[in-house]
Amino acid sequence: MRPLGVSLRDGRTRFAVRSPIADQVWLCLFDGASETRHAMTRDGSDWVLELPGERIGVCYGYRASGTWAPERGLWFDPAKLLVDPYATELDRRFVQDPRLGEFGADTAELVPKAIVQSPLEPVALQPAHFARGGLIYEINPRAFTRLHLDVPEHLRGTIGALAHPAILAHLKKLHVTAIELMPIVAWIDERHLPPLGLVNAWGYNPVAMMALDPGLCPGGVAELRETVSALHAEGIGVLLDMVFNHSGESDVHGGVISLRGLDNMAYAHAPDGSLINDTGCGNTLDFANPATRRLALDAMRHFVRSCGVDGFRFDLAPVLARGPGFDAEAPIFAEIAADPLLSTRVMIAEPWDIGPGGYQLGQFPENWLEWNDRFRDDVRRFWKGEEGIGMLATRIAGSTDLFGEIPPDGACRSVNFLAAHDGFTLADTVSYEHRHNWANGEQNRDGHGENFSWNNGVEGPTHDAEVVALRRADLKALLGTLFASTGTIMLTAGDEFGRTQQGNNNAYCQDNGISWVDWENRDKELENHVAMLAALRSSNLEQFLRLSPDFQWLNAQGGEMTVQDWEAPGADRLEWRADGWQFTIDRKGRRVTISAPS
């Protein structure tokens with residue numbers, strides 16, 4: 001199989017792009033605003049062209065001609081400059097504009113150009129920097145460092161900032177096993193945001209699956225590679241959050257920017273030809289199509305080979321196994337398992353989408369990890385007073401009702417978390433009963449309606465010392481539950497020191513003080529408490545992979561739990577011991593205690 005994208009060999013530059021039913025494809029080279037077009041030659045489903053010389057640094061794109069009949073899935077318009085799906089660097093960020101979707105409107109001045117790159121020596125493959133049972137730290141790179149005064153101003157908000165000593169010191173203080181970066185490939189704002197004066201601040205709307213966003217990573221592949229190396233030197237892994245479920249070309253009213261203008265069959269279609277929407281974004285990538293799977297696999301290989309990343313988290317992961325229904329034996333799983341690079345990496349599923357049969361928690365391959373939203377909801381409900389100790393025990397013990405019994409030599413597949421980028425922050429969970437998303441411009445209708453949250457008597461900020469104390473006690477209790485749980489655990493950056501989004505539980509469009517992490521006003525006492533919990537847990541991660549054979553549930557009197565103890569109305573206390581460890585949860589006292597073997 002010949003490579004797609006750009007390759008350099010023997011003093012020549014080869015361009016190759018997939019467009020199976022185009023009548024003609026042109027390579028467009030740019031020198032400033034000046035464009036030169038070269039007709040390409042069909043090679044099966046691909047179009048290829050070799051030019052003399054190594055065109056390193058040259059900006060390019062494609063144009064394709066054919067039938068324009070969107071109602072039949074045909075979007076060929078030679079007026080549209082198309083981004084190479086295999087581009088690895090772009091000259092600028094994407095901008096939303098109505099002309100992207102208007103037939104005949106030339107978009108060369110709007111669309112980023114790909115840049116021909118000098119080949120990098122592959123990173124020496126090492127075992128993934130990751131340990132099950134450890135702490136994953138979810139980061140929005142821009143929001144995380146934008147306000148950090150110890151980071152030089154020119155680095156704030158970039159991938160490079162994550163390699164700064166102040167950031168590394170914080171990660172080490174928390175004994176972070178791996179950071180999980182929210183999307184860093186080039187994305188575009190949703191169409192409704194620019195008229196509202198808003199932007200997409202999270203990146204879950206990608207156009208180019210391999211090209212790093214120039215705003216987040218101005219130094220391109222080299223910047224990410226150097227940052228990963230710096231984190232590895234401190235024993236910290238790097239996981240990338242990949243959005244392979246849809247693209248920023250959106251629904252039928254969206255733009256013709258890349259795949260749509262080259263190979264629209266990369267998207268899933270219903271029998272009547274309409275776009276399938278299993279993502280809520282208007283279009284869904286079709287993983288029953290081998291070419292779509294190849295693009296996703298090649299993107300992952302690129303980030304492993306060129307940057308040394310340790311694994312991937314997949315947004316709305318059931319899409320990867322749809323064809324159109326979810327299939328636990330879908331080809332993508334076997335292809336990853338058989339790949340020499342990818343089979344060595346960490347794979348984490350967000351195991352739900354909004355399509356039919358979209359909730360698939362516990363159904364991914366046995367060597368994958370899965371985000372466990374049931375842990376989040378049931379632990380919140382317990383501390384809110386709405387759930388009993390039996391369900392709490394199930395979640396703490398590894399959610400075997402969802403993942404099955406853990407073999408004696410196996411490890412729990414659950415990624416336990418209390419809060420993530422999507423939803424209330426942890427501090428807001430104990431400070432707000434209701435979402436406050438008015439700044440998003442959707443009349444507070446967006447975001448989750450049910451958050452299993454509570455406000456301790458006052459909605460939002462307060463100077464009431466009693467309420468502040470109750471909230472801090474709740475946060476420590478929630479965090480103690482997380483750090484005592486069986487499985488791998490995850491914190492979203494800033495939750496360890498009480499970050500707030502002012503009650504906004506869907507801050508995807510808030511690239512401002514709502515989502516930026518406030519380092520100056522962080523709760524350092526809470527931060528130190530979390531560091532203590534992290535140190536205890538990291539001292540023996542083996543303890544948290546599975547329940548020990550020595551495990552015991554104990555009642556308030558120190559005896560073994562009976563059926564009556566489990567079913568006692570209003571039971572508020574849970575204690576267990578294993579291998580010299582002791583854990584006690586006391587809902588009435590709002591506290592969790594953990595002690596390691598002496």
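Modeller: Let's start with one term: two residues are in contact, or touch, when heavy atoms of theirs lie within 4.5 Å. The model above is predicted, so local features need pLDDT of at least 70 and side-chain atom pairs count only at pLDDT 80 or more, while totals for chains, interfaces and linings use all residues. Residues are numbered from 1 along each chain as its sequence is written, and side-chain values use heavy atoms, with hydrogens and water left out.

Biologist: How many helices and strands does the protein have?

Modeller: Helices (H or I, at least four residues) and strands (E, at least two) are DSSP runs, numbered from the N terminus. In this protein there are 13 helices and 22 strands. The radius of gyration is 25 Å, close to the 25 Å that the globule rule gives for 598 residues, so the protein is as compact as a globular protein of that length. That radius is taken over C-alpha atoms, and the rule is 2.2 Å times the number of residues to the power 0.38. Along the principal axes, the C-alpha trace spans about 80 × 50 × 50 Å.

Biologist: What share of the contacts comes from residues 24 or more positions apart?

Modeller: Among contacts with a separation of 6 or more, such residues account for 70%.

Biologist: And what share of the residues counts as buried?

Modeller: Buried means under 20% relative accessible area, exposed means over 50%, and partly exposed is in between (1.4 Å probe, protein chains only). Here 59% of the 598 residues count as buried.

Biologist: Which residues have the most contacts inside the largest nonpolar core?

Modeller: The general idea is that nonpolar side chains tend to be buried together in soluble globular proteins. A nonpolar core is a set of buried Ala, Val, Leu, Ile, Met, Phe, Trp, Tyr and Cys residues joined through side-chain atoms within 4.5 Å. In this model the largest one has 114 residues, and Tyr137, Ile179, Phe244, Phe303, Phe312 and Phe314 have the most contacts inside it. Helix 5 (residues 290–307) gives this core its largest share, eight residues. Another core, of 42 residues, lies apart from it, with Cys28, Phe30, Ala87 and Ala211 among its members.

Biologist: Which residues does Phe244 touch?

Modeller: Leaving out residues up to four places away in sequence, Phe244 touches Met209, Leu285, Phe287, Ala296, Ala299, Met300, Phe314 and Leu320.

Biologist: Let me try the backbone. Where is there a cis peptide bond?

Modeller: Most residues other than glycine have a negative phi, and most peptide bonds are trans. Here a cis peptide bond joins Gly323 and Pro324, with omega about 0°. Pro324 sits in the loop between strand 14 (311–314) and helix 6 (331–338). Leu316 lies in the loop between strand 14 and helix 6 too, and has a positive phi of about 45° although it is not a glycine. Leu316 counts as buried because its relative accessibility is 14%.

Biologist: What about Arg590: where is that residue found?

Modeller: Arg590 is in the loop between strand 21 (581–586) and strand 22 (591–595). Its phi is positive as well, near 55°. At 29% relative accessibility, Arg590 counts as partly exposed.

Biologist: Which residues does Ala477 touch?

Modeller: Arg590 turns up again: Ala477 touches Trp383, Arg590, Arg591 and Val592, not counting residues up to four places away in sequence. Ala477 belongs to helix 11 (residues 465–483) and counts as buried, at 1% relative accessibility.

Biologist: Now a helix residue with a charge. Is Glu223 buried or exposed?

Modeller: Glu223 is buried, with a relative accessible area of 12%. You'll find Glu223 in helix 3 (residues 220–233). Glu223 and Ile159 are 64 residues apart in sequence, yet 7.1 Å apart in space, C-alpha to C-alpha. Beyond residues up to four places away, Glu223 touches Thr158, Ile159, Gly160, Leu216, Cys217 and Pro218.

Biologist: And Gly570, buried or exposed?

Modeller: Gly570 counts as exposed, at 56% relative accessibility. Look for Gly570 in the loop between helix 13 (563–567) and strand 20 (573–578). Gly570 and Arg260 are 310 residues apart in sequence and 57 Å apart in space, C-alpha to C-alpha.
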